[in-house]
Amino acid sequence: MEAFEILKIAANAINAKKGREIAAVKIDKLTVLGEYFLLCTANSSTQVRALCDEVEEKLKEAGVMPHHIEGRSTGWIVLDYGSVIVHIFGRNEREFYSLDKMWSDGEIVDMNEILEISEGD
């Protein structure tokens with residue numbers, strides 16, 4: 001599956017579970033780590049885990065399995081799908097690690113082109 005499709009599925013899974021501050025950065029010209037970073041903020045440690053589970057479930061339904069998952073018992077979970085690396089942060093962790101600023105040389109992805117609008121929004 002193409003990286004952009006993985007990004008879209010993961011971002012919409014996060015959005016459906018009310019993840020906040022969803023952002024994506026195209027990093028392929030900066031590093032060999034992947035093509036995209038997807039970042040979001042959760043309101044609680046419970047929501048961090050719920051967002052992780054939702055991303056895993058939706059991508060599994062699409063036939064995509066993570067290469068590695070790190071931080072399941074912390075306030076920052078990283079799901080590595082090879083071309084797309086999903087970062088799910090608690091509020092304090094998002095502010096402290098500030099990956100948005102660290103990778104600001106990357107191309108910011110317009111989330112309006114990715115996120116589907118649900119009837120309840």
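I count two strands as paired if DSSP finds at least two bridges between them. Helices (H or I, at least four residues) and strands (E, at least two) are DSSP runs, numbered from the N terminus.

**Entry 1: ground rules.** I am looking at a predicted model, so I note that local features need pLDDT of at least 70, side-chain atom pairs count only at pLDDT 80 or more, and totals for chains, interfaces and linings use all residues. Residues are numbered from 1 along each chain as its sequence is written, and side-chain values use heavy atoms, with hydrogens and water left out.

**Entry 2: the whole chain.** I looked up the secondary structure and found four helices and six strands. From the N terminus the order reads α-β-β-α-β-β-β-α-α-β. The radius of gyration is 13 Å, close to the 14 Å of the globule rule for 121 residues, so the protein is as compact as a globular protein of that length. That radius is taken over C-alpha atoms, and the rule is 2.2 Å times the number of residues to the power 0.38. The C-alpha trace spans about 35 × 30 × 30 Å along its principal axes.

**Entry 3: cover and contacts.** I find that 45% of the 121 residues count as buried. Buried means under 20% relative accessible area, exposed over 50%, and partly exposed in between (1.4 Å probe, protein chains only). Next I checked contacts (heavy atoms within 4.5 Å). Of those with a separation of 6 or more, 60% come from residues 24 or more positions apart.

**Entry 4: strand 5.** I then turned to strand 5, residues 84-90. Seven of its seven residues are buried. In a regular strand the side chains alternate between the two faces of the sheet. I checked both faces of strand 5 and found both covered. Val-84, Val-86, Ile-88 and Gly-90 lie on one side, and Ile-85, His-87 and Phe-89 on the other.

**Entry 5: its neighbours.** Strand 2 (residues 36-42) pairs with strand 5 in the parallel sense, over seven bridges. I see Tyr-36 opposite Val-84, and Ala-42 has Gly-90 as its bridge partner. Strand 4 (residues 76-80) runs antiparallel to strand 5, and five bridges join the two. Here Asp-80 stands opposite Ile-85. Strands 4 and 5 form a hairpin with three residues between them. In the turn, Gly-82 has a positive phi of about 80°.

**Entry 6: Ser-83.** Is Ser-83 buried or exposed? I looked in the loop between strand 4 and strand 5, where Ser-83 lies. Its relative accessible area is 18%, so Ser-83 is buried. What does Ser-83 touch, not counting residues up to four places away in sequence? I list Ala-3, Ile-6, Gly-34, Glu-35 and Tyr-36.

**Entry 7: Ala-50.** I found Ala-50 in helix 2, residues 45-61. Ala-50 has a relative accessible area of 34%, so it is partly exposed. How far apart are the C-alpha atoms of Ala-50 and Gly-19? I get 9.6 Å, although the two are 31 residues apart along the chain.
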